[in-house]
Amino acid sequence: MNSDAPSAGPFNQSLALRLGPNQRAWRRFRRNRLAMTSAVLLASLVTLFLLWPLFSRPGLAPHLPPGMTHAPNAVSDAQFQPPGAQYWFGTDVHGRDLLSRVCGGARLSLLVGLVGTAVSLVIGVLWGAIAGYCGGRWDAVMMRGVDVLYSMPSIIFVIVLITTLNALLEKWQSGPERLSDAAVQWLQFIALFGGLGAVSWLPMARIVRGQVLSLRHRAFVEAGRVLGAGHWRILRRHILPNVYGVIIVYLTMTVPSIILYESFLSWLGLGIQPPEASLGSLIASGSEQINSIRIYWWLIVFPGAMLAVTLLALNFVGDALRDAWDPRAED
Amino acid sequence: MYFVKRILFLIPLLLVISFLAFALVRAVPGGPFDRDRKPASPEIERNLRAKYHLDEPLWQQYLRYLGGILHGDFGPSLKYRDHSVSDVIGQGLPVSLTLGAAAFCFALGVGIPLGFFTAARRGRWQDYAGSLAALVVICVPGLVIGPILVMLFAIKLHWFPVALWGSPWHAILPTLTLGLYFSGRIARLMREGMLDTLQAEFITAARAKGLGEIAVLVKHAFPIAVLPVLSYSGPMLADLLTGSFIVENLFQIPGIGVFMVNSSLDRDYTMVVGLVLLYAALLLVLNLAVDFAYSALDPRVKYE
């Protein structure tokens, strides 16, 4: 066993198999055919999203079918073209190819989901671990804070955070030292990530706190303390490794929910700003085009289907991870 | 005794929540009078701020607000200045309550039987088909399914009205849009609860004494297996009853879900605090009710 392996676990089982609980979980995960299929699907989707902009490069474009070679934000005269040979997913109000916009949007949505999850992970784990480890009065105060935040509608927090950060940004822009447009766009992204992460850390904090609370008086933790380990070292080396499984499982559920939340924010116009688009803002601009004369169904169905497929794959992987880390699971 | 304590604890909790919301919306740059039809001159804005006591220190404003609440007055809306917050909520809330309750019944009515059925048929094709359906519904959010339903059933087939609120006929598409996601969540919770419960020893005992499979599932497993659904129902109902921005916006329904978003965008301070208080009170009371129902349903649960 290497030194990073958890210092405790289902002791008799891991002794019998000479594998740590994390390794055994990983082995169970690989045996789950549905999970591996979804993981492969997810990986190939991500690869496709990442490689898509390359297809419009002049060196590659002549060798590919014309439907694949549109640049994401290139405007053309072909407005509202239904899906066909030239435009596989059709075009939007500005004659932009929807397929390349969907790929770009999915890339942004996934990025937002991952970074937002990372933010919520850091806040949630730190908050929960500190509350659980300190216990007593600190625990009570910190968890009552979580209770209070839980009882408020999260959308108001997000709006307050994002509008505050954007207003600060505008103030900077009116000052003597102007930022470049790219920098402003990045700062807006960061405001969005921060806002999303800041409202989704509550369940994580509760879960981690519960786990830490049940671990902190176990014999191996006391042993570490007797050997003179500091608080930080005990948390990092003895307690948190035992919580990893729960954290990973919870993370895979957080990514889809943050992607959903971002699509909601983009729908409100608070998320990704044009000309960039996420899946949510694509769906939003599609539903603006609903009218009783012409039905532009492709503007909603394709981004919606891409969102659904991505979320489905994420959910399958998440379910399989949860089964794999279930302490009652058997090999 | 335990529940009396919990109820008394709601009061300080609501006070903290109201103060937090009160301070939070005022911390956002900009004010409620920025978005008026034309920018107010400094004197007019100063007068407006004075009229609504926005020029006082924060704690004084808050105490004034609390004093108003004691008389049942949640203050005037700063955006719709001829209306009080109570007026706006009083007009929109019945609509949101009706729609939310319909979606809640739909979610439970579809989710519980689906979850029960898939668990009873575990590992067979019915299980895979039902579980996949529940997952797909979770992955297609309202902002996708809503427009698709409108395009298909309202514009193309003319079965239902496109938007607005009035007859039960108008309520069907919004109810589906709002309830489908939750029915999927409920089905998954129900299935998991059943699978967990069916491994318990009292189920083995019930089978050992020769009970039929249906009696085991319905009479012995179901009351315990439905508990996760019950604890999810509290927050879910609070979310549903306070309205959904997406559904109300898409179908032009005059509920309060739209105000929840727009009031915080408009810095309509009093409206935000009123809505936050409404949501929090609803959520806390529902969670309390869930815990109460828990102790009634599960004989193993005892509260100190």
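A residue is called buried if 20 or more other C-beta atoms lie within 10 Å of its own, exposed if 12 or fewer, and partly exposed in between, with the C-beta atoms placed from the backbone. Keep that in mind for the tour.

This is a predicted model, in which local features need pLDDT of at least 70, side-chain atom pairs count only at pLDDT 80 or more, and totals for chains, interfaces and linings use all residues. Residues are numbered from 1 along each chain as its sequence is written, and chains are lettered from A and ligands numbered from 1 in the order in which they are written.

**Stop 1: Ile234 of chain A**

Select Ile234(A), which sits in helix H10 (residues 231-268) of chain A; helices (H or I, at least four residues) and strands (E, at least two) are DSSP runs, numbered from the N terminus. Is Ile234(A) buried, exposed or partly exposed? It counts as partly exposed because it has 19 C-beta neighbours inside 10 Å. Setting aside neighbours within four places in sequence, Ile234(A) is in contact with Val221(A), Gly224(A), Arg225(A), Ala229(A) and Ile239(A). Contact here means that the C-beta atoms, placed from the backbone, lie within 7 Å.

**Stop 2: helix H12 of chain A**

Next, pick residues 298-325 of chain A, which form helix H12. This helix of 28 residues reaches 40 Å from its first C-alpha to its last, close to the 40 Å expected at 1.5 Å a residue; the expected span is 1.5 Å times one less than the number of residues. H12(A) is mostly covered, with 23 of its 28 residues buried.

**Stop 3: chain B as a whole**

Switch to chain B, which has 13 helices and 0 strands. Its C-alpha trace spans about 85 × 60 × 30 Å along the principal axes. Of the 304 residues in chain B, 39% are buried.

**Stop 4: where the chains meet**

Ala, Val, Leu, Ile, Met, Phe, Trp, Tyr, Cys and Pro count as nonpolar, Asp, Glu, Lys and Arg as charged, and the others, Gly among them, as polar.

**Stop 5: helix H5 of chain B**

Zoom in on H5(B), whose 15 residues reach 21 Å from first C-alpha to last. Its buried residues are Gly130(B), Ser131(B), Ala134(B), Val137(B), Ile138(B) and Cys139(B). They pack against H12 of chain A together with H4 and H7 of chain B.

**Stop 6: helix H7 of chain B**

Show H7(B) (residues 168-198) beside H5(B): they pack at an angle of about 140 degrees, with axes 7 Å apart. H5(B) is therefore oblique to H7(B); angles under 35 degrees count as roughly parallel, over 145 as roughly antiparallel, 65 to 115 as roughly perpendicular and the rest as oblique. Axes are lines fitted to C-alpha atoms, for helices over the stretch in contact, and angles run from 0 to 180 degrees between N-to-C directions. The residues of this contact divide into 7 nonpolar, 3 polar and 3 charged.

Finally, bring in H4(B) (residues 85-120), which packs with H7(B) at about 35 degrees, with axes 6 Å apart. Their contact holds 21 nonpolar, 6 polar and 2 charged residues.

Methods. Contact = placed C-beta atoms within 7 Å.
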